[in-house]
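Please read this short report alongside the sequence and the 3D view.

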Amino acid sequence: MRPLPGALGVAAAAALWLLLLLLPRTRADEHEHTYQDKEEVVLWMNTVGPYHNRQETYKYFSLPFCVGSKKSISHYHETLGEALQGVELEFSGLDIKFKDDVMPATYCEIDLDKEKRDAFVYAIKNHYWYQMYIDDLPIWGIVGEADENGEDYYLWTYKKLEIGFNGNRIVDVNLTSEGKVKLVPNTKIQMSYSVKWKKSDVKFEDRFDKYLDPSFFQHRIHWFSIFNSFMMVIFLVGLVSMILMRTLRKDYARYSKEEEMDDMDRDLGDEYGWKQVHGDVFRPSSHPLIFSSLIGSGCQIFAVSLIVIIVAMIEDLYTERGSMLSTAIFVYAATSPVNGYFGGSLYARQGGRRWIKQMFIGAFLIPAMVCGTAFFINFIAIYYHASRAIPFGTMVAVCCICFFVILPLNLVGTILGRNLSGQPNFPCRVNAVPRPIPEKKWFMEPAVIVCLGGILPFGSIFIEMYFIFTSFWAYKIYYVYGFMMLVLVILCIVTVCVTIVCTYFLLNAEDYRWQWTSFLSAASTAIYVYMYSFYYYFFKTKMYGLFQTSFYFGYMAVFSTALGIMCGAIGYMGTSAFVRKIYTNVKID
């Protein structure tokens, strides 16, 4: 067996290191989700924050809650996804043992001075909720409530836990908040809890079903939107096929007839249409370095989306904290050769010489956009002392992934792409001098085509965007990844059909600038998605505050841009195959 080449060996080792970094360290107890009688069960306190601002979260003990008497535990772990999502697990100090009931007991006492009372009053005014975990099962509770007049404020002091078990596994957790106590300065408030264990028939594999919302995600509107989108795809594909086949058949017949004419008759005939630009249609695009980097990044985003959705359909990623984000990061790093292959080969075919610069731009285009936005929001999170602030060690880990995993794998893909498909094998010879572009009607201008090109793709994913937004920005777990896969397929088909039609009209107007036009007309879907995010923010949510607003619009800009780059790459790849096909079948002197 021959040793791997240097770059490939480094990339493989780096990918293995990344895999070990991202995957959680499995130990006993809650990591294996099996317990023996009277074995330690940990109640983790996670975060607290305003109900309407899901992403504005703070450490649970940033409010003046007190800690239980138990000081140490035997295990803890955190993945990269948890760190990036602001998971702040802190031990509650409550002594809980498997199948061991705890009668109502005081576990700590709050010495309520004016400062602590003001903190609790502020939290109650802003409808603060807190989140806890037992055996990875989330539990939510409200901090307190105000009276009808808003003059007196009350704190819930008694946590009543009911834990269901099936064999040696925990399958259900319920929290009931009781013991309403009025907040009066310079008093002592006793915090108490109780634990009741009960046998349950719920299977361990089904224990997250209670958190799902079938009535919301599997509503008739959702099914109808999928059916409607499929009908639109069938109609659009049929329409495109009929129009293009009939039109192209006439074009081929006319061009074949012209071939049979002598030179005098051909000169007197009318020359127009897409054949007239055969000498310029395969001319390199303007700014080929940026263009090829965008295409490579878009192909990688598509590969990541496809793989992550398939993994989510097979494995219930929502059952583990941060697993979706960890999986996405790992898949993105592992698919870096896709970026290098398509970007590098396209740049080589377009005659690019600065391939190392193109490789760096392609490798860091998406990470720089995501990390730049995250670091900007991170400053606001640090100012607010929010749990969303990314720790320095996590930032270093992300930078190491970019330099020691993504870049080497991108290099491997670039070398393969340049060597395997980097030779220009165009069916038509490219003229030395560009052909002048004739004047045309205003609606055939590339700018107009770009603006209109994203309407139909956005219409095909419009309803699904609502469900995705609601699951991310509200308290719902998205689990219908079969729907998401169907929508991704629909989006790809609609995008390719629309860009082919737009490109055909552009070439028929004897305008050969189809590369950027096909990319941007598909990518303009992102503009409509971002515009919809404004509507969703102001009319579908009750978010408020600088932190939540910057978080929302910052990450929605990242999501929309990534979606636009993916759609643009899909549109270009489909259109490129179409253009190559039609010019291959035409006899050209």
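## Overall make-up

The model is predicted. The protein has 589 residues, and buried residues make up 50% of them. Its secondary structure consists of 17 helices and 12 strands. Taken along the principal axes, the box filled by the C-alpha atoms is roughly 105 × 65 × 45 Å.

## Pairing around strand S12

Strand S12 covers residues 187–199 and pairs with strand S6, residues 102–112, in the antiparallel sense. There are 8 bridges between S6 and S12. In S12, Ile189 stands opposite Ile110.

S12 also pairs with strand S10, residues 153–166, and here the sense is parallel. This pairing too runs over 8 bridges. Tyr193 in S12 is the bridge partner of Lys159.

## Salt bridges

The structure holds 20 salt bridges. One of them joins the side chains of Lys70 and Glu40, with an N to O distance of 3.0 Å. The two residues are 30 apart in the chain and link distant parts of it: Glu40 belongs to strand S1 (residues 40–41), while Lys70 is in the loop between strand S3 (58–59) and helix H2 (80–84). Lys70 counts as partly exposed because its relative accessibility is 23%. Glu40 has a relative accessibility of 15%, so it counts as buried.

A second pair consists of Asp172 and Lys210, whose side chains meet at 3.0 Å, N to O. Asp172 is buried because its relative accessibility is 13%. Lys210 is at 42% and therefore counts as partly exposed. In a further salt bridge, the closest N and O atoms of Arg513 and Asp511 are 2.7 Å apart. Arg513 is partly exposed, at 39% relative accessibility, whereas Asp511 is buried, at 0%. Elsewhere, salt bridges that share partners join Glu40, Lys70, Asp95 and Lys97 into one network.

## A patch of negative charge

Which residues gather in a patch of negative charge on the surface? They are Glu205, Asp206, Asp209, Glu315 and Asp316. Asp206 is placed in the loop between S12 and helix H4 (214–217). Is Asp206 buried or partly exposed? Asp206 counts as partly exposed because its relative accessibility is 33%.

## Arg353 in its loop

Arg353 lies between two helices, in the loop that runs from helix H9 (336–349) to helix H10 (355–384). Its relative accessible area is 76%, so Arg353 is exposed. Exposed here means a relative accessible area over 50%.

Arg353 can also be placed by its distance from Leu289. The two residues are 64 apart in sequence, and their C-alpha atoms are 9.4 Å apart in space.

Terms used: Residues are numbered from 1 along each chain as its sequence is written. This is a predicted model: local features need pLDDT of at least 70, side-chain atom pairs count only at pLDDT 80 or more; totals for chains, interfaces and linings use all residues. Side-chain values use heavy atoms; hydrogens and water are left out. Two strands pair if DSSP finds at least two bridges between them. Helices (H or I, at least four residues) and strands (E, at least two) are DSSP runs, numbered from the N terminus. Patches are made of residues with over 30% relative accessible area and no salt bridge: like charges are joined within 9 Å, nonpolar side chains (Val, Leu, Ile, Met, Phe, Trp, Tyr) within 5 Å. Accessible areas come from the Shrake-Rupley method with a 1.4 Å probe; for residues, only the protein chains shown count as cover. A salt bridge is a side-chain nitrogen of Lys or Arg within 4 Å of a carboxyl oxygen of Asp or Glu. Lys and Arg count as positive and Asp and Glu as negative; His and the chain ends are not counted. The place of a charge is taken as NZ of Lys, CZ of Arg, CG of Asp or CD of Glu. Buried means under 20% relative accessible area, exposed over 50%, partly exposed in between (1.4 Å probe, protein chains only).
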